[in-house]
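Keep the viewer open and follow along as the residues come up.

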Amino acid sequence: MFSKFISLNLLFIIISASMLFLVGEKKAVETVNYLEEVGFPGDSERYWMLNREIEINLAEEPGSGFNIPKSIALFFPKETRTSSRWISIPKNGSVSFYNYFDNLQYGFHSSVNGLSYNVIVHFTTIIWVLKSLLLGLIIFQFLILVRSWSIQKSIITRTLSRSLSKLTEQAKTLSKEKGPLSIKEMESLAGTLDEINATRLDTRIDLDNTQEELQNLAKAINGLLERINESYRLQARFVSDASHELRTPIAAIQGYANLLDRWGKDDPDALEESIGAIKEEAANMKDLVEQLLFLARGDNNTMHLEVERFDVGALLQTIHRETQMINGAYALELQVEEAWVKADQGLIKQAGRILVDNAIKYTPSGGNITLAVKNAKGQIRLTVQDSGIGIPPDDIPHIFERFYRADESRARVSGGTGLGLSIAKWIVERHGGYLEVLSREDFGTRISLVLPEAH
Ligand code: ATP
Ligand code: MG
């Protein structure tokens, strides 16, 4: 805007100079015509002419000046075509920049009827008017600049402090929440940070106005950093737990391979035992690797959901039928009603199977297991209830953590890796739902998978 104003002022000065030139030329032509008709005026006429800012003198010698080149002179009126011209700025009294041009004179030397004259045009009035206009223009521009600067400054401060407080809020809520950051939280944080970039932090900002927000921000970011650290710590633990879990079946396979190497060739019993064990360990390892891959894809957000509308009741009936075929030792009760959701059927089935597998794994044979689907108040509940060993109260908050097993010694016997429920949790949360646990030791466990109903 400032450079626009400078250009505007230059244009004004150029137009003003052109105007002075045209006025000077016009007055000179009028004067020459007058001299041709009337001759050299008397004192009183010259006095009145001076009031019109025209001065005429008889010139003994032609004044020094410049002549208009012939090619250009053609465009000038014939009266002044041959005149020599000069421009002067006599200085009388104290001269400041403001009144420097006040006495500007445009002189002509003309010969009329055999007499030589110097015609001098003064511009005092017109220069005063132009000067006042220019001054007014500059003051006006200055006010506009000051106003737009203050508006811009307040906009920058406002947008920036809005973004900062939004980031602070976000960081605060993120640091308050428990557990590591989820991908969603990370993304929304990145979004807020992007917005801050968009408000151009490189613009100079008055820090005094934003200090309070910055302090709050610093506090919130510290909290957030703690959670990020926690995330990294959990990640590192996950990797070490995963390696540890894989080491066990690998060591077992290695052990049986050695056994085979030594006696297996001659001893058919050892051969059979080793092959059976190697097969089982390999199957365990395959399951574990599949679970790990699932979680890794979930963490990277590369899992593709095939969302469709389906009846969870019908899905649980299928799970019930399949489970009954494999595990005849349990009385599996089924209570379903129609309950439609929009979700990835394969994944929901996987989550349902995880709950049923646990119920079977942690319920002594002969126990009761109930599978139910209920549609209540827009929420679909898939519940698996068993009359099994239950979960100690202290363990309940942790059972959704990766590799967490409530009772290590019992779990080792049952062969679990502690990843099932964390996978189920990921699946349910990805569909906008949650898991609910109710359990009492030596009495039983009820875990519900809650999903929003599809309309
Ligand atoms: P995985 O399912 O990966 O083979 P897992 O069953 O040990 O192994 P999760 O399904 O994640 O792992 O369950 C975590 C822990 O929660 C289990 O080790 C067990 O101690 C406890 N748990 C889960 N479901 C039940 C249940 N129905 N009854 C008793 N304890 C349970
Ligand atoms: Mg399990």
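## A covered arginine and its partners

Arg 85 is buried, at a relative accessible area of 0%. Here, "buried" means under 20% relative accessible area, "exposed" over 50%, and "partly exposed" in between, with a 1.4 Å probe and protein chains only. You will find Arg 85 in strand S3, residues 84–88. The side chain of Arg 85 has a polar contact with the side chain of Glu 25 at 2.8 Å, and the Arg 85 side chain also reaches the backbone oxygen of Ser 83 at 3.1 Å. A polar contact is a pair of N or O atoms within 3.5 Å; within protein, one must be able to donate a hydrogen and the other to accept it, and residues adjacent in sequence count only if both atoms are side-chain atoms. Helices (H or I, at least four residues) and strands (E, at least two) are DSSP runs, numbered from the N terminus.

A word on the ground rules: this is a predicted model, in which local features need pLDDT of at least 70 and side-chain atom pairs count only at pLDDT 80 or more, while totals for chains, interfaces and linings use all residues. Residues are numbered from 1 along each chain as its sequence is written, chains are lettered from A and ligands numbered from 1 in the order in which they are written, and side-chain values use heavy atoms, with hydrogens and water left out.

## Around the ligand

Which residues come nearest to ligand 1? Of the 20 residues around the ligand, they are Asn 358, Thr 417, Gly 418, Leu 419 and Leu 421. A residue is near a molecule if one of its heavy atoms lies within 4 Å of it. The shell around ligand 1 divides into 9 nonpolar, 8 polar and 3 charged residues. In this count Ala, Val, Leu, Ile, Met, Phe, Trp, Tyr, Cys and Pro are nonpolar, Asp, Glu, Lys and Arg are charged, and the others, Gly among them, are polar.

Helix H9 (345–361) and helix H11 (420–430) each supply at least two residues of this shell, and H9 gives the most, with 3 residues. A polar side-chain atom of Asn 358 lies 2.8 Å from an oxygen atom of ligand 1. For Lys 361, a side-chain N or O atom is 3.2 Å from a ligand oxygen. In the case of Asp 386, a side-chain N or O atom is 2.9 Å from a nitrogen atom of ligand 1. Taken alone, ligand 1 exposes 590 Å², and the protein buries 93% of that. Accessible areas come from the Shrake-Rupley method with a 1.4 Å probe; for residues, only the protein chains shown count as cover.

## Salt bridges

Side chains of opposite charge can pair when their charged atoms come close. How many salt bridges does a search of the whole structure find? It finds 13, where a salt bridge is a side-chain nitrogen of Lys or Arg within 4 Å of a carboxyl oxygen of Asp or Glu. The table gives some of them.

| Pair | N to O distance |
|---|---|
| Arg 52 and Glu 30 | 3.6 Å |
| Arg 405 and Glu 245 | 2.9 Å |
| Arg 353 and Glu 322 | 3.1 Å |

Arg 353 is partly exposed at 22% relative accessible area, and Glu 322 is partly exposed at 24%. Both Arg 405 and Glu 245, by contrast, are buried. Arg 52 is exposed, with a relative accessible area of 51%, whereas Glu 30 counts as partly exposed at 30%. Lys 26, Glu 30 and Arg 52 are linked in a network of salt bridges.

Most residues other than glycine have a negative phi. Lys 377, not a glycine, has a positive phi of about 50 degrees; it lies in the loop between strand S9 (368–376) and strand S10 (379–386) and is exposed, at 87% relative accessible area. Phe 403, also not a glycine, has a positive phi of about 70 degrees. Phe 403 is in the loop between S10 and helix H10 (408–414) and is buried, at 8%.
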